[in-house]
Amino acid sequence: MTANPDTPCTTLQDLIRQDQEKIDRLLLELETFNDSETLQQRFVQLYKELTVHAEAQEETVYPVVRSFYGDDNVKQRHDEQAEIKLLLYAMRILSPTSPEFREKLKNLRQLITQHFHYIETTMFVAISNHFS
């Protein structure tokens with residue numbers, strides 16, 4: 001999660017949403033492109049974005065929100081990210097044009113959508129409530 005220098009006051013939620021938008025864009029490109037080289041490049045980008053996003057949340061966000069978001073909720077978000085990482089790792093050895101890759105991409109999209117949904121509807125609410 002990196003701050004946008006053009007934004008004068010960036011909140012934690014804004015930074016996470018920026019990451020989510022980048023990840024969503026890369027997923028969409030992976031779902032729509034057919035060129036093997038382009039797909040491979042986008043997958044590498046997605047892999048890096050998700051890895052950095054997960055590490056930032058695990059090292060920076062979760063320790064801060066744990067006290068008011070709760071251990072169980074943090075563990076659930078961490079477990080979701082672990083599942084996403086495992087799927088990404090399995091996808092690395094597949095051809096991005098293969099049916100197996102496409103199937104795993106659908107599963108990845110579902111896991112990421114679910115994770116983002118919980119972040120938006122539970123963690124962001126807890127952050128807003130805690131800091132208001």
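**Exercise 1.** Find the element in which Ala 54 has its place, and decide whether Ala 54 is buried or exposed.

*Solution.* Begin with the element: in this predicted model, Ala 54 lies in helix H2, which covers residues 36–69. Next, take the relative accessible area of Ala 54, which is 4%. Since the cut-off for buried is under 20%, Ala 54 counts as buried because its relative accessible area is 4%.

**Exercise 2.** Determine which residues Ala 54 touches, leaving aside residues up to four places away in sequence.

*Solution.* With those sequence neighbours left out, the contacts of Ala 54 are Gln 81 and Lys 85. Now consider Lys 85 along the chain: Lys 85 and Ala 54 are 31 residues apart, while their C-alpha atoms are separated by 8.8 Å.

**Exercise 3.** Describe the largest cavity by its volume, by the residues that line it and by the elements that give two or more of those residues.

*Solution.* Start with the count, which is 1 cavity of 30 Å³ or more in the structure; the volume of the largest cavity is about 70 Å³. Its lining includes Ala 54 together with both of the residues named in the previous exercise, Gln 81 and Lys 85, and among the other lining residues are Leu 50, His 53, Ile 112 and Phe 116. Two or more lining residues come from each of H2, helix H3 (71–91) and helix H4 (99–131), and H3 provides the largest share, with 4 residues.

Conventions
Residues are numbered from 1 along each chain as its sequence is written. This is a predicted model: local features need pLDDT of at least 70, side-chain atom pairs count only at pLDDT 80 or more; totals for chains, interfaces and linings use all residues. Side-chain values use heavy atoms; hydrogens and water are left out. Buried means under 20% relative accessible area, exposed over 50%, partly exposed in between (1.4 Å probe, protein chains only). Contact means heavy atoms within 4.5 Å. On a 1 Å grid over the protein atoms alone, a cavity is a set of points where a 1.4 Å probe fits but cannot get out, and a pocket is an open set with protein on both sides within 12 Å along at least five of seven lines; lining residues have an atom within 4 Å of a point. Grid points are joined across faces, edges and corners, and a volume is the space filled by probe spheres set on the points.
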